[in-house]
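Student: Please put the structure up, and then we can go through its contacts one by one.

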Amino acid sequence: MSANLQLTPDGRLRHLLTLEGLPARILTQILDTAESFIPVGERELKKVPLLRGKAVFNLFFENSTRTRTTFEIAAKRLSADVINLNIATSATNKGETLLDTVANLSAMQADMFVVRHASSGAPHLIARHVAPHISVVNAGDGRCAHPTQGLLDMFTIRHYKGGFHNLRVAIVGDVLHSRVARSQIHALTTLGCPEVRVVAPKTLLPRDVDSMGVHVHHKMETGIKDCDVVIMLRLQNERMQGALLPSAGEYYKYWGLTPDKLKRAKPDAIVMHPGPMNRGVEIDSDVADGKHSVILPQVTFGIAVRMAVMSMVAGSGA
Amino acid sequence: MNIDNPNQLIDRLVAQIAPLMQDDCAFVGIHSGGVWVMEALAERLGRDLPTGTLDISFYRDDFSRIGLHPEVKPSQIPFDVENRHVLLVDDVLYTGRTVRAAMNLLFDYGRPASIRLAVLVDRGGRELPICADFAGARLELAPGQHVALLRDDAGELHLSLNQGAA
């Protein structure tokens, strides 16, 4: 259903809501297009005229500095006009419904909505109700999906490893609450990665983990052994209160990525993290700043990937 | 005019361009056919001048009508455009819209001293005030006719002329 909502009848990307069900052809096209946006970011004049005159509304019903900023930079580098709405502090507090908010912004001649929402499925709901010329890009919804993060992670892996077909990838940490992990798993599987591992304590794994086509590991040492890519997930501090975990210190001891634990991965392994990092909780500073870390390039690539997604959905109505 | 042999047309271009080459020149090809022609020109002219490639997909004037091209290649201009004499190279000159987009893209890298245009085939049918400074062949084709440069697996260039569906 999402796939149909996301693609035009002739198979072009109409909205980006989730990576689940998107064909490898589309994922690869996004990564290839992003590749062509990389040199634009390296120029002195970092702009192309593609979305000149288009109005992109950043609808953030949940706080996020990095994601909102990179979407804003991406839209501006495409020459779009960007309007940032921090909805957490505005109309919905006065009782307006989500669809009324969207209808009002559509009346202001919006061309694209970038949506971050605490409720899973909110971007889908908006996509079903917008006018044919308006595109929706999911910037993270509940525990469901964070497709542009998943895509920038794929871009990063492809950049450093050349492809997916011989890779062993470990996703470590709070998979249960992570929309990022879900998007990564869908993308890796679709792009032909033969071994995706999730490495986490039982309390931080979703119940349906067995149906996701991944190998489950409950020990860090075996979980990242011989891996080409180690993706650390952020431990969301608020989870501590839910009795899912004893303490941050305890978590670091068993699940924090230290230089010593990293030795079990391949010598040329890359370490990724979607940010924001908790140093000394899920990742040691020596790893975060070390030679295996590609965490900052991930951020740079994220801009090119978001430019690719926005230009593809904006052109799909043509 | 016989356009069967692209190599002859490239020879003709080389003869026109060679006397004008200076140290502050650079070659820039437009993807994909223009890059092939540019590489052939640069090789035959034998001058060690900087080269670059442009993909105009992000600068097309029909984006809102046809969307983004599914296969975009990165543009690479590994030299300072500022004050360079740029020889812009494409395979076929038709409406002039590609050249317009390429010039806009080039200016986003800097202000060249000059831009001159070399094309393998000028087929007529311009929709913009753009003309080729150098052309391997100049034809007047009907709108339904289609000329395209192809490169086979061995790297050999071929020109195909189709009457199209009239």
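**Two interfaces**

Tutor: Between them, chain B and chain A bury about 1,500 Å², with 66% of it on carbon and sulfur atoms. Buried area is the accessible area (1.4 Å probe) that two parts lose on being put together, summed over both. This is a predicted model, in which local features need pLDDT of at least 70 and side-chain atom pairs count only at pLDDT 80 or more, while totals for chains, interfaces and linings use all residues. Residues are numbered from 1 along each chain as its sequence is written, chains are lettered from A and ligands numbered from 1 in the order in which they are written, and side-chain values use heavy atoms, with hydrogens and water left out.

Student: Which residue of chain A forms a salt bridge with B:Asp108?

Tutor: A salt bridge is a side-chain nitrogen of Lys or Arg within 4 Å of a carboxyl oxygen of Asp or Glu. The rule finds 1 salt bridge across the interface of chain B and chain A. With the closest N and O atoms 3.6 Å apart, the partner of B:Asp108 is A:Arg43.

Student: How many residues does chain A give to the contact with chain B?

Tutor: Contact means heavy atoms within 4.5 Å. Chain B gives 17 residues, and chain A gives 21 residues.

Student: Within chain A, what area is buried between domain 1 and domain 2?

Tutor: The domain assignment, automatic or from a database, gives domain 1 (2-144 + 300-314) and domain 2 (147-298) of chain A. Their centres, taken over C-alpha atoms, are 25 Å apart. The contact takes 34 residues from domain 1 of chain A and 29 residues from domain 2 of chain A. Carbon and sulfur atoms give 63% of the buried area, which is about 2,400 Å².

Student: Which residue forms a salt bridge with A:Arg158?

Tutor: Between domain 1 of chain A and domain 2 of chain A the count is 3 salt bridges. In the salt bridge of A:Arg158, the closest N and O atoms are 3.1 Å apart, and the partner is A:Glu35.
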